[in-house]
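Dear colleague,

Please find below the structure that I am handing over to you. My notes on what was found in it follow directly after.

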Amino acid sequence: MAAAIALSGRGRGLSTPNPNVGCLFVRDGHVVGRGWTQKGGRPHAEAQALEQAMDRAHGATAYVTLEPCFHLSPRGPRCADLMARAGVRRVVIALRDPDPRTDGQGAQWLRDHGVIVEMGLMADEAARAMSGFVLRQTLGRPHVTLKLGLSLDGRIALADGRSRWITGPDARAHAHVERARHDAILVGGGTLRADGPRLDVRLPGLEDRAPRRLLLTRGDPPAGWEKIGAPEEIAALDRVDHLLVEGGAGTAAAFLRADLVDRLLFYRAPVIIGEGLAGIGDIGLADLAAAHGRWRSCDTRMLGADRLEVYERTRSA
């Protein structure tokens, strides 16, 4: 299942509006088919893995990160039906599909056709890998990552606004990988005016994965940009399940005030700026006690001389 979850990451930022699912078929201890949801959502991971496995899928065990789809679609057959007709012996599912069109029906269809079904293996990890789809289904909005390049003392620029470059090339390359994993990137008007960001993916082999460009502004956006008037408007974005917010301080604060940030990416360089521009503006915090218990550290690593810190928002639901 861990391998299937890793495969699902290949479709993140490409498969929307469908979830980025990963699937493996194993027979006699050997992987005979593997797949992940392709660009635009088709083919599904299970269909791709079945095409690779061919007749070796008969009697095999499938490991899939999301319950196989059950709803009828003009874009392709139901994966639950495909797997049953292929003679798959056992299906191990990480996460039950929150989409009401499937939601338990895919698993039941498989059971009704004599397939052994197990559900819940590594469910939390699978939900994290498909976080955009899960949040869209449960909260009706995209998963939001806030990314900031910071000095040790939390500054994103000198006092005069100059910010190139606080972090080094390894951290910047990692940030471009993150861009490739998102459907859209958002910045504020101040960042656009000060930096003129291209917001593309400048890594060999990933140049075609540049996300849509969004601007948080009250005015009209320039050509090639889409306007967002307030953080809450992200819920209405079509085909955006993973949103990357790249600042600046006012935009970061606006999303934090609205409690719409699910993940923090802090690239912290070993420099001290002192009197410079703060990374995050006023978030409306009135009581220090309210700041505790909201964020969980989930990853820390070195990227050259810089340190990446990753935090996830802790939520009760």
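Is Arg202 buried, partly exposed or exposed? Arg202 counts as partly exposed because its relative accessibility is 38%; buried means under 20% relative accessible area, exposed over 50%, and partly exposed in between, with a 1.4 Å probe and protein chains only.

Please note that this is a predicted model, in which local features need pLDDT of at least 70 and side-chain atom pairs count only at pLDDT 80 or more, while totals for chains, interfaces and linings use all residues. Residues are numbered from 1 along each chain as its sequence is written, and side-chain values use heavy atoms, with hydrogens and water left out.

**First set of annotated positions**

An unreviewed UniProt entry lists Ser163, Arg179, Arg202 and Glu246 under "binding site". UniProt positions are given in the numbering used here, feature names are shortened, and annotations may be inferred rather than shown by experiment. Ser163, Arg179, Arg202 and Glu246 from this set belong to the lining of the second largest pocket. On a 1 Å grid over the protein atoms alone, a pocket is an open set of points where a 1.4 Å probe fits, with protein on both sides within 12 Å along at least five of seven lines, and lining residues have an atom within 4 Å of a point.

Arg202 sits in the loop between helix H8 (189-195) and strand S9 (212-216). Helices (H or I, at least four residues) and strands (E, at least two) are DSSP runs, numbered from the N terminus. Not counting residues up to four places away in sequence, Arg202 touches His176 and Arg179, contact being defined as heavy atoms within 4.5 Å.

Arg179 is part of helix H7 (residues 169-180) and counts as buried, because its relative accessibility is 8%. Apart from neighbours within four places in sequence, the contacts of Arg179 include Ile185, Leu199, Arg209, Leu244 and Glu246.

**Second set of annotated positions**

From an unreviewed entry, UniProt also lists for "binding site" Gly149, Trp165, Thr191, Asp195, Leu199, Gly248, Ala249, Gly250, Thr251, Ala252, Ala253 and Ala254. These positions span 106 residues in sequence and their farthest two C-alpha atoms are 24.4 Å apart, so they do not all gather at one spot. From this set, Gly149, Trp165, Thr191, Asp195, Leu199, Gly248 and Ala249 are in the lining of the second largest pocket.

Asp195 is found in helix H8 and is partly exposed, at a relative accessible area of 27%. Leaving aside neighbours within four places in sequence, Asp195 is in contact with Ser163 and Arg164. Leu199 lies in the loop between H8 and S9 and is buried, with a relative accessible area of 1%. Beyond residues up to four places away in sequence, Leu199 touches Arg179, Ile185, Val187, Pro211, Arg213, Trp225 and Glu246.

**The eight-stranded sheet**

Eight strands make up an open sheet of mixed pairing, in the order S10-S9-S8-S11-S6-S12-S15-S14; two strands pair if DSSP finds at least two bridges between them. Strand S10 (226-228) and strand S14 (295-303) are the edge strands, each pairing on one side only. From one strand to the next, the twist averages 25°. Axes are lines fitted to C-alpha atoms, for helices over the stretch in contact, and angles run from 0 to 180 degrees between N-to-C directions. Strand S8 (residues 184-188) and strand S11 (residues 242-245) run parallel and are joined by three bridges, with Ala184 opposite Leu243 in S11. H7 packs on this sheet, and its direction makes about 160° with that of S12.

In strand S12 (residues 263-268) lies Arg268, which is buried, with a relative accessible area of 18%. The side chains of Arg268 and Glu309 are joined by a polar contact of 3.1 Å, that is, a pair of N or O atoms within 3.5 Å, where within protein one must be able to donate a hydrogen and the other to accept it, and residues adjacent in sequence count only if both atoms are side-chain atoms.

**The five-stranded sheet**

Five strands form an open sheet, again of mixed pairing, in the order S2-S1-S3-S4-S5. Its edge strands, each pairing on one side only, are strand S2 (30-36) and strand S5 (116-119). Strand S3 (residues 61-66) runs parallel to S4, joined by five bridges, and Thr61 has Arg90 as its bridge partner in S4.

Yours sincerely
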